[in-house]
Amino acid sequence: MGKMDGKVALITGGARGQGRAHALRLAQEGADIVITDICKQIEGVHYPLADESDLAETEKLVRELGVRCLSFVADARDAARMKEVADRTADEFGRLDTVVINHGIGLPHGIDEESLEIWDTVIETNLSAVWRTVVATLPLLKATGEGGSIIVTGSAASLVAIFNNAAYTVAKHGLIGLVKCLAADLAQDWIRVNAVLPTNVNTTLFINEYNKSRFCPGKEDPTVDDMKIPAESLNLLPVPWMEPEYVSHAVLYLASEEAKYVTGIALPVDAGMTIQPPGITPFVGRMMAELKQGLD
Ligand SMILES: NC(=O)c1ccc[n+]([C@@H]2O[C@H](COP(=O)([O-])OP(=O)(O)OC[C@H]3O[C@@H](n4cnc5c(N)ncnc54)[C@H](O)[C@@H]3O)[C@@H](O)[C@H]2O)c1
């Protein structure tokens with residue numbers, strides 16, 4: 001007996017990365033799955049977004065788990081397209097119980113003229129499109145009369161500032177306000193609304209050529225290994241980044257009956273990133289201890 005038997009879950013940004021992991025985790029627990037993804041590049045983003053072959057691969061992997069799966073190329077910024085997705089979901093599956101609004105882009109910027117357009121793109125994608133997805137899917141969520149669960153992917157950047165990432169940080173902070181308002185507005189319908197806040201995750205959004213250079217300034221041809229030390233310095237637990245499945249465990253919890261009385265929260269899955277005491281991080285502490293050992 002799965003924790004999501006008889007349920008239908010829709011995941012945005014589901015072609016790869018965390019979205020794919022969430023789709024598979026919820027499917028393992030018996031949910032029928034709807035995945036959406038833009039499957040094309042957004043201008044200005046420094047790494048490749050998913051393509052249609054990624055979306056098809058997720059659909060195949062989900063079906064192999066023995067549940068039904070629909071996939072749609074859909075830009076979450078496009079309210080009309082998201083409404084079509086909801087309508088098709090209603091036609092095919094007749095219900096919707098869980099909406100995981102996971103899509104997003106990472107697009108660092110300075111404080112300059114060039115940032116003006118980037119700001120709009122990031123806010124539009126990472127914040128406004130979340131609202132549009134909620135508006136498009138809510139009638140179907142409500143239609144069962146059995147309640148439901150909306151889960152939004154924030155970030156450690158929902159709680160703390162990230163250097164050269166004002167638009168991303170503001171969008172992700174904004175999601176916490178949105179989660180609280182939606183939780184209040186939808187409580188009477190037993191629709192619970194929560195956020196997960198990951199630290200660095202092993203996906204293309206984080207591990208890409210552009211970030212390699214950002215994390216290793218001055219280093220020629222930096223490798224993924226070179227990113228590990230600076231990435232780990234952001235976390236309290238001694239790890240540079242985590243696999244997407246660890247976010248999926250939290251998503252499953254929030255989607256499931258086990259979280260029946262949990263609404264309006266922002267759940268960090270962040271290796272302690274957001275509670276680090278100021279000053280020497282454990283990583284720097286260990287490094288200093290090793291250096292000292294070398295001197296002894
Ligand atoms: N990777 C990290 O380190 C990290 C850390 C904290 C939070 N996050 C958040 O996790 C979420 C998932 O990202 P990921 O790490 O899996 O990266 P990812 O790039 O692998 O996945 C994001 C997916 O969203 C899709 N997408 C982007 N814009 C879209 C749009 N307008 N409409 C529909 N789909 C769109 C992309 O094509 C991609 O498949 C994002 O919200 C991201 O901000 C990521």
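Modeller: A ligand oxygen atom lies 3.2 Å from a backbone N or O atom of His103. This is a predicted model, where local features need pLDDT of at least 70, side-chain atom pairs count only at pLDDT 80 or more, and totals for chains, interfaces and linings use all residues. Residues are numbered from 1 along each chain as its sequence is written, and side-chain values use heavy atoms, with hydrogens and water left out.

Biologist: What makes a pair of N or O atoms a polar contact?

Modeller: The two atoms must lie within 3.5 Å; within protein, one must be able to donate a hydrogen and the other to accept it, and residues adjacent in sequence count only if both atoms are side-chain atoms. The His103 pair is at 3.2 Å, so the term applies.

Biologist: How much of the ligand does the protein bury?

Modeller: The ligand alone exposes 820 Å², and the protein buries 99% of that. Areas come from the Shrake-Rupley method with a 1.4 Å probe; for residues, only the protein chains shown count as cover.

Biologist: Why is Ser248 called buried?

Modeller: Its relative accessible area is 2%. Buried means under 20%, exposed over 50%, partly exposed in between (1.4 Å probe, protein chains only). So Ser248 qualifies as buried. Ser248 sits in helix α8, residues 245-255. Helices (H or I, at least four residues) and strands (E, at least two) are DSSP runs, numbered from the N terminus.

Biologist: What is Ser248 in contact with, leaving aside its neighbours within four places in sequence?

Modeller: Gln18, Ala21, His22 and Arg25. Contact means heavy atoms within 4.5 Å.

Biologist: How do you know that β4 and β5 pair?

Modeller: DSSP must find at least two bridges between two strands. β4 (residues 98-101) and β5 have four, in the parallel sense, so they pair. Val100 stands opposite Ile151 in β5. β5 (residues 148-153) has six of its six residues buried.

Biologist: Where does β5 pair over six bridges?

Modeller: With β6 (residues 191-198), again in the parallel sense. There, Ile150 has Val193 as its bridge partner.
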